[in-house]
Structure formats: structure tokens, C-alpha cells
Amino acid sequence: MSSQKHLIAPSILAADFADLKKDIQMVNESEADWFHIDIMDGVFVPNISFGFPVMQAIAKHAQKPLDVHLMIVDPDRYLKVCKDSGAEIITVHYEACTHLHRTIAAIKELGCKAGVALNPHTPVSLLKDIIQDIDLVCLMSVNPGFGGQKFIERTYDKIKELRALAVENNTDLLIEIDGGVGTSNAGQLLAAGADVLVAGSFVFSSENPIETVKTLKAVDPSLKYV
């Protein structure tokens, strides 16, 4: 596992879209490390989130990196506008990229960190020939497209498999977990080898989101949480 302390990336998909600036400021003031931005097209996933104009508005006020998760078909068409809209990390889906190596190279040519996301049914082993070229792998621990879903328990084993692959091929790789993350499973996720925890409704629906982020940031993987 990475020696650095784990990162927390609140998912803006769960924010209050009617008062987005308030929630952006909350993330700025919290101990969160990144803003997690889900761009959905209603084709790759059965939902539409928001487009690049909204992302640009978020970037205008965000004081932390934008971690952008493209849940879209043909993401190559949108890499430059994604970068121009404020992205520092761009993650594309393995399942959406016919020429993944080319896509990763294009992201890096734009000066962004490159990530690959895997749906719950997609084996970690498929990354063997690309893992040395990427900065982050986002393991979906729910089926992509909607917030508030139940965590898929198989994720723990996938994290361990991915960490073993990273130890052999890319020790700088960050493993990000997206879906159903909270204090009940954060410690186990980190103990399995995760580096970045994406939390949406668990943060934004809590009574005190800043304290919730602080609690997630303080999770010790050596302790058991219930």
C-alpha cells in the first residue's frame, strides 16, 4: 500500500445542485483532498449528471484538485474540454475505450493524471498490460450511474488483487474506491490496499459534512470499525 495517508474525494454528484457553491465551499473548508466529479451521458450509464459548463463553474470556486470520472462512451472526444474545464485527474472506463493505451497517452499529453475505472464485473487482470502507464485505478464498488447504492462485498478481493499487480508493475499507482463508502467499511478498504475513498451521499447527506470528512480522513486501517 502507498505510504501516504489515504485521500478523501467527496462526490459532487451527491451535492445540493440548488446550492452548489455552498457545498463546494464546504469541501474547500474540510479535510477532503479532491473533488470527485462524475460526468454521465445517459448512454454508458443509465443516468445523466451534468456537463462541462457545470464543471467549469465548480472549478472556478474549487481550491482542491478535480478528480474527473468520465462515465461516457467515446471519452476521447471530450478529453481536451475536460482538461480545459479544470480536470487534474481524468479517469475513463476500461469498458468504454476501444484503444485504451491511446486514450491514456492522450490524457497524459494534456498534462493530466490518467486513471482507468473498472465496473464491478470487470476483472482486475485485464489491466496487466496497461497498469504501468496509469496513475490511478478506480474500482467501482457499486454499478455506475446512481448514488446511494449498496456496497459490493467482492470489492475487497479486487483491491487485494490490484494491489498485488501494482506492487509488481507500478508501485506509485493509487487505488480509488467509488460507491457505498462510509465509516463502516473504510478501514477494511484501506487495509485491503485502497488509497482514495470516494464518498457521496455519506458525506453530503450527513448532519455535519465537514465532521464526516474528518472522520473518514482519520480512519485507521489497523482498527476495526462497525
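Helices (H or I, at least four residues) and strands (E, at least two) are taken as DSSP runs and numbered from the N terminus. The model is a predicted one, in which local features need pLDDT of at least 70 and side-chain atom pairs count only at pLDDT 80 or more, while totals for chains, interfaces and linings use all residues. Residues are numbered from 1 along each chain as its sequence is written, and side-chain values use heavy atoms, with hydrogens and water left out.

Strands count as paired if DSSP finds at least two bridges between them. β2 and β3 pair in the parallel sense over 6 bridges, and leucine 70 in β3 is the bridge partner of isoleucine 39.

A pair of aromatic rings is described by the distance of the centres and the angle of the planes. Rings of Phe, Tyr and Trp (its six-membered ring) pair if their centres lie within 6.5 Å, and planes under 30 degrees apart count as stacked, over 60 as edge-to-face and the rest as tilted. The structure holds 3 aromatic pairs. In one of them, phenylalanine 17 and phenylalanine 50 have ring centres 5.6 Å apart and planes at 70°, so the pair is edge-to-face. The two residues lie 33 residues apart, phenylalanine 17 in the loop between β1 (7-10) and α1 (20-29) and phenylalanine 50 in the loop between β2 (35-40) and α2 (52-61). Phenylalanine 17 is partly exposed at 45% relative accessibility, whereas phenylalanine 50 is buried at 9%. Another pair, phenylalanine 52 with tyrosine 78, is stacked, at 6.2 Å centre to centre and 25° between the planes. This pair joins helix α2, which holds phenylalanine 52, to the loop between β3 (66-71) and α3 (79-84), which holds tyrosine 78. Phenylalanine 52 is buried at 12%, and tyrosine 78 is partly exposed at 29%.

Charged side chains complete the picture. A salt bridge is a side-chain nitrogen of Lys or Arg within 4 Å of a carboxyl oxygen of Asp or Glu, and the count comes to 8. Among them, lysine 22 meets aspartate 23 at 3.1 Å, N to O; lysine 22 is partly exposed at 45%, while aspartate 23 is buried at 8%. Aspartate 84 and lysine 80 meet at 2.8 Å, N to O, and both are exposed. These two are 4 residues apart in helix α3, so about one helical turn separates them. Arg154, Asp157 and Glu161 are linked in a network of salt bridges.

Key:
Buried < 20%, exposed > 50% of the residue type's maximum accessible area, 1.4 Å probe, protein only.
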